[in-house]
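Trainee: I'm new to this one. Can you walk me through some of it?

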Amino acid sequence: MRIESDLKLGFKDVLIRPKRSTLKSRSQVEVTRQYTFKHSKCQWSGVPIIAANMDTVGTFDLAKALAAHQMVTAVHKHYSVAQWQEFLGEIPADYQHYLMVSTGTSENDFTNTRKIMALSDKLQFICIDVANGYSEHFVQFVAKIRNEFPGKTIVAGNVVTGEMAEELIISGADIIKVGIGPGSVCTTRVKTGVGYPQLSAIIECADAAHGLGGHIIADGGCTCPGDVAKAFGGGSDFVMLGGMLAAHNECGGEVVEHDGKQFMRFYGMSSQAAMTKHSGGVADYRAAEGKIVELPLRGSVEHTVQDILGGVRSACTYVGASCLKELSKRTTFVQVREQENNVFGKEK
């Protein structure tokens with residue numbers, strides 16, 4: 001046993017220090033990015049915000065809505081090959097550039113991924129998603145997917161430390177998904193005692209990945225547009241959102257009604273609800289590691305997209321970044337003990 005005594009930080013522990021700016025308006029800020037990925041050599045352009053591959057968020061309907069804004073959806077892995085085929089036939093061809101095909105690491109997952117990727121040459125991203133990206137089996141599966149799909153962009157995670165980000169990139173991943181335990185409906189830190197404050201994880205993994213020519217996704221922990229800006233400021237190339245995009249008309253949660261008001265169920269993918277739905281229940285060797293909540297139905301996702309992108313643009317103007325690419329270069333974090341004045345409570 002040993003103790004690391006240096007302080008690790010989450011989004012709530014910092015604010016971005018403002019800097020002199022020559023920008024006159026938020027409208028001058030460019031929020032799209034252009035990337036060329038290390039192994040696949042694929043080029044991609046778009047807004048680097050991703051809907052999480054949860055079955056209540058990463059749906060086909062949300063993917064259509066976000067693709068219209070050049071935003072990405074990691075489509076959850078529980079759609080059938082036939083459903084994928086139907087969906088791909090319904091959407092504009094260029095929307096496929098904003099889709100990630102999610103997979104686990106079982107042989108059945110591998111077979112389904114091959115079938116889905118065979119449906120269209122325009123599908124670029126494969127997202128290999130597990131809760132614990134530190135296992136040898138996971139590393140071997142990343143290498144297996146890279147061997148099978150040499151020209152596709154591979155996302156792998158989740159991890160929170162630089163050395164594991166490096167190992168996954170060396171094994172064939174282009175983009176590393178960063179985050180263990182920060183999600184709004186994740187209870188991994190409570191159930192296991194394992195985790196890493198998300199902002200420090202982003203900073204450390206970004207430094208490691210960028211040194212090898214890789215990229216990272218900040219996955220989890222964002223509760224407001226300011227957190228999204230902090231994730232980009234910390235060096236993340238993409239930001240993945242679950243709770244912030246949940247409970248919209250385009251999402252997949254069950255709608256319930258209480259006292260005349262509508263709510264949508266939202267749960268973690270390691271929760272009892274998810275495992276009962278997809279695996280027949282919680283196996284006797286494990287514990288559920290996710291919450292089940294009911295969120296007020298929020299209508300169309302369009303307003304939320306505008307709110308998030310507006311917040312990021314505003315953050316850029318505060319530090320003089322004319323484009324999202326410049327934000328991390330112009331970010332200085334200050335440690336704080338307060339974030340906002342809540343004398344009147346939260347906004348309704």
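Trainee: Where is Asn158 found?

Mentor: Asn158 is in strand E7, residues 153–159. Helices (H or I, at least four residues) and strands (E, at least two) are DSSP runs, numbered from the N terminus. This is a predicted model, where local features need pLDDT of at least 70, side-chain atom pairs count only at pLDDT 80 or more, and totals for chains, interfaces and linings use all residues. Residues are numbered from 1 along each chain as its sequence is written, and side-chain values use heavy atoms, with hydrogens and water left out.

Trainee: What kind of peptide bond joins Gly157 and Asn158?

Mentor: A cis one, with omega at about 25°. Most peptide bonds are trans.

Trainee: Now phi. What is its value at Lys41?

Mentor: Near 65°, which is positive, and Lys41 is not a glycine. Most residues other than glycine have a negative phi. Lys41 is in the loop between E2 and strand E3 (43–51).

Trainee: Is Lys41 buried or exposed?

Mentor: Exposed, because its relative accessibility is 60%. Buried means under 20% relative accessible area, exposed over 50%, partly exposed in between (1.4 Å probe, protein chains only).

Trainee: And what about the phi of Ala247?

Mentor: Ala247 has a positive phi too, about 65°. Ala247 lies in the loop between strand E10 (238–241) and strand E11 (255–258). Ala247 counts as buried because its relative accessible area is 1%.

Trainee: Switching to Met71. Why does Met71 count as buried?

Mentor: Because its relative accessibility is 0%. Met71 is in strand E4, residues 71–75.

Trainee: Which residues is Met71 in contact with, leaving aside neighbours within four places in sequence?

Mentor: Val47, Ile49, Leu66, Tyr98, Val305 and Leu309. Contact means heavy atoms within 4.5 Å. Take Ile49: it is 22 residues from Met71 along the chain, and their C-alpha atoms are separated by 5.6 Å.

Trainee: Helices next. How do H5 and H7 pack?

Mentor: Helix H5 (residues 162–170) and helix H7 (residues 198–211) pack at about 35°, with axes 8 Å apart. Axes are lines fitted to C-alpha atoms, for helices over the stretch in contact, and angles run from 0 to 180 degrees between N-to-C directions.

Trainee: Which residues make that contact?

Mentor: H5 gives Gly162, Ala165, Glu166 and Ile169, and H7 gives Glu204, Cys205, Ala208 and Ala209. By class, that is five nonpolar, one polar and two charged. Ala, Val, Leu, Ile, Met, Phe, Trp, Tyr, Cys and Pro count as nonpolar, Asp, Glu, Lys and Arg as charged, and the others, Gly among them, as polar.

Trainee: What about H4 and H5?

Mentor: The axes of helix H4 (residues 136–148) and H5 come within 9 Å and cross at roughly 35°. Phe138, Val139 and Val142 of H4 meet Met164, Glu167 and Leu168 of H5. That contact has five nonpolar, no polar and one charged residue.

Trainee: How many residues of H8 are buried?

Mentor: Eight of nine, so helix H8 (residues 225–233) is mostly covered. Among the buried ones are Pro225, Val228 and Phe232. Gly235 follows H8 and has a positive phi, near 115°.

Trainee: Last one. Where is Gly320?

Mentor: In the loop between helix H10 (302–319) and H11. Gly320 counts as buried because its relative accessibility is 19%. Not counting residues up to four places away in sequence, Gly320 touches Lys19, Arg20, Ser21, Leu23, Glu326 and Arg330.
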